[in-house]
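Biologist: I'm new to this one. Can you walk me through it?

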Amino acid sequence: MGARQATAILVEHVLGEPVLVLAGDLDVRSTGELRAAVHDHIRVCGTDRISPVVIDISAVRSVDATALKVIAAASRQAQRYGVRVVLRGAQPAVRRMLHLTRLIRLIELEREPIPA
């Protein structure tokens with residue numbers, strides 16, 4: 001196993017929509033920063049959205065249950081306000097962890113890739 005890759009969190013605009021982009025390793029050490037970023041992104045995107053709030057995790061190398069629970073909790077909270085949160089670009093390791101933790105029931109994955 002390689003060394004831990006630093007977590008990078010930024011907002012990009014894709015086709016005019018803000019997308020929260022996460023990269024690196026999401027684990028217990030990054031949960032505070034992750035929690036703040038996800039909740040800020042949902043708040044900034046607003047509660048009057050028709051389109052979902054997108055979190056791009058295609059550059060996430062590894063993820064642990066703690067980080068996924070942060071995303072699941074934020075997603076559930078957003079749903080209370082009628083906002084959908086979807087994960088874009090989940091790699092096989094992330095999908096596997098979602099299934100192992102059973103958080104796949106709470107976190108929506110984007111079905112189709114968007115055009116580049």
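Modeller: What follows is a quick tour of a predicted model.

Biologist: Let's start with the helix. How many residues does α1 have, and what should they span?

Modeller: Helix α1 has 15 residues, 31-45. At 1.5 Å a residue, they should span 21 Å. The end C-alpha atoms are 21 Å apart, which agrees.

Biologist: Which residues of α1 are buried?

Modeller: Thr-31, Leu-34, Ala-37, Val-38, His-41, Ile-42 and Cys-45. They cover an arc of only 130° around the axis, which puts them on the same side of α1.

Biologist: Why would residues spaced like that point the same way?

Modeller: An α-helix has 3.6 residues a turn, so residues three or four places apart point the same way.

Biologist: What do the buried residues of α1 pack against?

Modeller: Strands β1 (8-14), β2, β3 (53-63) and β4 (85-88), plus helix α2 (65-80).

Biologist: And which residues are exposed on the other side of α1?

Modeller: Arg-43 and Val-44 are exposed there.

Biologist: What comes just after α1?

Modeller: Gly-46, with a positive phi of about 95°.

Biologist: On to the strands. How many bridges join β2 to β3?

Modeller: Seven, and the two strands run parallel.

Biologist: How many bridges join β3 to β4?

Modeller: Four, and β3 and β4 also run parallel. There, Val-53 stands opposite Val-85 in β4.

Biologist: Which unit do β3, α2 and β4 make?

Modeller: A right-handed β-α-β unit.

Biologist: Let me zoom in on Ala-23. Where does Ala-23 lie?

Modeller: In strand β2, which covers residues 17-26.

Biologist: Is Ala-23 buried or exposed?

Modeller: Buried. The relative accessible area of Ala-23 is 16%, and the cut-off for buried is under 20%.

Biologist: What is Ala-23 in contact with, leaving aside its neighbours within four places in sequence?

Modeller: Ala-6, Thr-7, Ala-8, Ala-59 and Val-60.

Biologist: How far apart are Ala-23 and Ile-9?

Modeller: They are 14 residues apart in sequence. In space they are 6.6 Å apart, C-alpha to C-alpha.

Biologist: Switching to charges. How many salt bridges are there?

Modeller: The count comes to five. One of them joins Asp-25 and Arg-61, with the closest N and O atoms 3.3 Å apart. Asp-25 lies in strand β2 and Arg-61 in strand β3, so the pair ties together parts that are 36 residues apart in sequence.

Biologist: Are those two buried or exposed?

Modeller: Asp-25 is buried, at 3% relative accessible area. Arg-61 is partly exposed, at 44%.

Biologist: What does Arg-29 form a salt bridge with?

Modeller: With Asp-27. The closest N and O atoms are 2.9 Å apart. Arg-29 counts as exposed at 62% relative accessibility, whereas Asp-27 is buried at 11%.

Biologist: And where do the side chains of Arg-84 and Glu-108 meet?

Modeller: In a salt bridge, 2.8 Å from N to O. That pair links distant parts of the chain, 24 residues apart. Arg-84 is in the loop between α2 and β4. Glu-108 is in strand β5, residues 108-109.

Biologist: How accessible is each of them?

Modeller: Arg-84 is partly exposed, with a relative accessible area of 41%. Glu-108 is partly exposed too, at 32%.

Methods:
Residues numbered from 1 in each chain as written. Predicted model: local features only at pLDDT ≥ 70, side-chain atom pairs only at ≥ 80, totals over all residues. Heavy atoms only, no water. Buried < 20%, exposed > 50% of the residue type's maximum accessible area, 1.4 Å probe, protein only. Contact = heavy atoms within 4.5 Å. Expected span 1.5 Å × (residues − 1). Arc of directions from axis to C-beta. Pairing = 2+ DSSP bridges. Right-handed = clockwise from strand over helix to strand, strands pointing away. Salt bridge = Lys/Arg side-chain N within 4 Å of Asp/Glu carboxyl O.
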